[in-house]
Structure formats: structure tokens, C-alpha cells
Amino acid sequence: QVQLVESGGGLVQAGDSLRLSCAASGLTFSTYDMAWFRQATGKEREFVAAISWSSVSPDYADSVKGRFTISRDNAKNTVYLQMSSLKPEDTALYFCAAKIRWTMRYNYWGQGTQVTVSS
């Protein structure tokens, strides 16, 4: 059974940094592309960042480019999202997602971790 468990969320002030973690189990982590999505209250879920199984060419939403960094540690079955220069508009529930490499759809999701940025 595949499980994705996010952690690291919290309440921070604008300009602060935060690192989210997502621990994966029940899958061969090194063969999965990983991503972070977020959903703010009253808004649709949106893409934040993705990293391929080979860690080549991470991808970012324009709204976080230059502030967020996605990385992975295959030895620990964990993907990270380092967030810096946080803004109030980054406030959302952040989800980790996984898909088998070379496929299109993310088919495994975590429960999410809340990030709240105060101004």
C-alpha cells in the first residue's frame, strides 16, 4: 500500500523559510516522479513543483520560481520542498504526489500539511 506522509508545515511570518518533507512508503521510490501541489481555501489545487525520478530538470510554478526548491533523497524515500521568502499568498494546504515515471497522471497523494504565512 502506497503511503505519502507530509510534514513540516506551520505558521510563519512573511519572509521566513520553511522546509516540507514527504516520506513515501510502499513503492519503489527511485522509479517515481514526485511533486508538490497546494490548495488555498476556496481555490483549486495548483501545481507547485516537480522532480523526476532521475532528479533532472525540476519544474516550478512561476509563482514560486526562485523562492522554492524541490529535492529528493532516494535513500530516504523522501522528497523535500524548501520554501524561502514566503508570502501570505503562499498560505495553503500543501500536498505531496507521486506518479510512476514516464506516465502522465499523479495517482498517489498525501493528506497534506498546512502552511500559513502571516503578513
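This is a predicted model: local features need pLDDT of at least 70, side-chain atom pairs count only at pLDDT 80 or more; totals for chains, interfaces and linings use all residues.
A residue counts as buried when its relative accessible area is under 20%, and as exposed when that area is over 50%; values in between are called partly exposed.

A disulfide is a covalent bond between the sulfur atoms of two cysteines. One disulfide is counted here. Its partners are C22 and C96, with 2.1 Å between their sulfur atoms. The link joins distant parts of the chain: C22 belongs to strand β3, residues 18-25, while C96 belongs to strand β9, residues 92-100, and 74 residues separate the two. The angle about the S-S bond is -75 degrees, and the link of C22 and C96 is left-handed. Both cysteines, C22 and C96, are buried.

Charged side chains provide another set of contacts. Side chains of opposite charge can pair when their charged atoms come close. Across the whole structure, five salt bridges are found.

One of these pairs R38 with D90, at 2.9 Å from N to O. This pair, too, links distant parts of the chain: R38 lies in strand β4, residues 32-39, and D90 lies in the loop between β8 (78-83) and β9, 52 residues apart. Both R38 and D90 are buried. For D90 the relative accessible area is 1%, so this residue falls under the 20% limit.

D90 also meets the side chain of R67 in a salt bridge, with an N to O distance of 2.8 Å. R67 sits in the loop between β6 (59-60) and β7 (68-73), whereas D90 sits in the loop between β8 and β9; the pair is 23 residues apart and links distant parts of the chain. R67 is buried because its relative accessible area is 11%. Through shared partners, salt bridges join R38, E46, R67 and D90 into one network.

A further salt bridge connects D62 and K65, whose closest N and O atoms are 3.1 Å apart.

Key:
Residues are numbered from 1 along each chain as its sequence is written. Side-chain values use heavy atoms; hydrogens and water are left out. A disulfide is a pair of cysteine sulfur atoms within 2.5 Å. Helices (H or I, at least four residues) and strands (E, at least two) are DSSP runs, numbered from the N terminus. Buried means under 20% relative accessible area, exposed over 50%, partly exposed in between (1.4 Å probe, protein chains only). A salt bridge is a side-chain nitrogen of Lys or Arg within 4 Å of a carboxyl oxygen of Asp or Glu.
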